[in-house]
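Hi,

Here is the structure I promised to pass on. Could you have a look when you get a moment?

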Amino acid sequence: MTTEMERARRLVAEADRIVVLTGAGISAESGVPTFRGAGGLWKSHRPEELATPEAFARDPQTVWEWYAWRRGLIADCDPNHGHLALARLALGGTPTTIVTQNVDGLHTRAAPEAARGADPSPALPVEVHGAIDRDKCSSCGARTPGTSSVDTSSHGALPRCSTCNGMLRPDVVWFGETLEPEILSRAFQVAQDADLCLVVGTSALVQPAALVPLVTLQNGGALIEVNIERTPLSGEARVSLLGPSGELLPELLDVGAAT
Ligand code: OAD
């Protein structure tokens, strides 16, 4: 009898072009809490109240304290076997693009590690929700590498733009904000061109990112889902692999490499 894993491997082997959509679940095994999981950031820190332009306008000190804490937490995390397996896939023979909702930069950090000196660019992700280790000026929009230790001791100490002196903020998409049009259209384009979409560790609830797999489906492509539990997308998936992505992705993608 053909197992789900064998069916999924066959889909990967037969694909001409792959898009991967990842969410917080892929980084869970690296130690980054998910948003909606038990004990996740969502519940303990109420990000829906802090990750908004209104919250930043009202109380930038508290918003910065929260992001500084998250930056520190993420800086101490490393890419896991799931990130590395995806980076190797992207550097392999089948054109593959990783689209991520994560702002943790772990796909980017996995890219050179997997490339072992080769050009890592195909493994760099399309980051639709921004990057936590970058700052953006809330006045002029200039982007700069993020300050590693943000002084949140007073309103006056918060980081300022070196060009216009506007208040710097983390370069992430907040609730109520629109995604960068160019980045979003690139994500939809690769989803449209792909004949296989691999959806990993996302609750598939947040729009418009959750549309990426649906775009592939609408264009006749297939879906493989990797998640520890079923999601609203599971019914649409050709194969649904239930379990941690750090274990399942190497099993799914490293078949050739392991033999
Ligand atoms: P969620 O926290 O909503 O969902 C995480 C998903 O990962 C869930 O479906 C879990 O079942 C699954 N999961 C947890 N551990 C896993 C593991 N080890 N292996 C595989 N799957 C696992 O996170 P996202 O779907 O990424 O947006 O959330 C989407 C967006 O909502 C985020 O990008 C963020 C948030 O609001 C912004 O910040 C704009």
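Below are my notes on the ligand site and the cysteines.

First, the ground rules: this is a predicted model, with local features needing pLDDT of at least 70 and side-chain atom pairs counting only at pLDDT 80 or more, while totals for chains, interfaces and linings use all residues. Residues are numbered from 1 along each chain as its sequence is written, and side-chain values use heavy atoms, leaving out hydrogens and water.

On to the ligand. It is surrounded by 23 residues, and Phe35, Arg36, Thr202, Ser203 and Asn227 are the closest (a residue counts as near if one of its heavy atoms lies within 4 Å). Sorted by class, that shell holds nine nonpolar, eleven polar and three charged residues, with Gly counted as polar. Domain 1 (1-32 + 79-129 + 178-259) and domain 2 (33-76 + 131-172) both contribute to the shell, so the ligand lies between them; the bounds come from an automatic or database domain assignment.

For ligand oxygens, a polar backbone atom of Ala24 sits 2.8 Å from one, and a backbone N or O atom of Gln101 is 3.1 Å from one. His129 brings a polar side-chain atom to 2.8 Å from a ligand oxygen. The protein covers 92% of the 790 Å² of accessible area that the ligand has on its own (Shrake-Rupley, 1.4 Å probe).

And the cysteines? The disulfide count is zero, taking a disulfide as two cysteine sulfur atoms within 2.5 Å. The sulfur of Cys137 has its closest cysteine sulfur in Cys164, at 3.5 Å, which is too far for a bond. Cys137 is buried at 2% relative accessible area, where buried means under 20% (1.4 Å probe, protein chains only). Cys77, at 5%, counts as buried too.

Cheers

Notes. Polar contact = N/O pair within 3.5 Å; in protein donor to acceptor, adjacent residues only side chain to side chain. Buried < 20%, exposed > 50% of the residue type's maximum accessible area, 1.4 Å probe, protein only.
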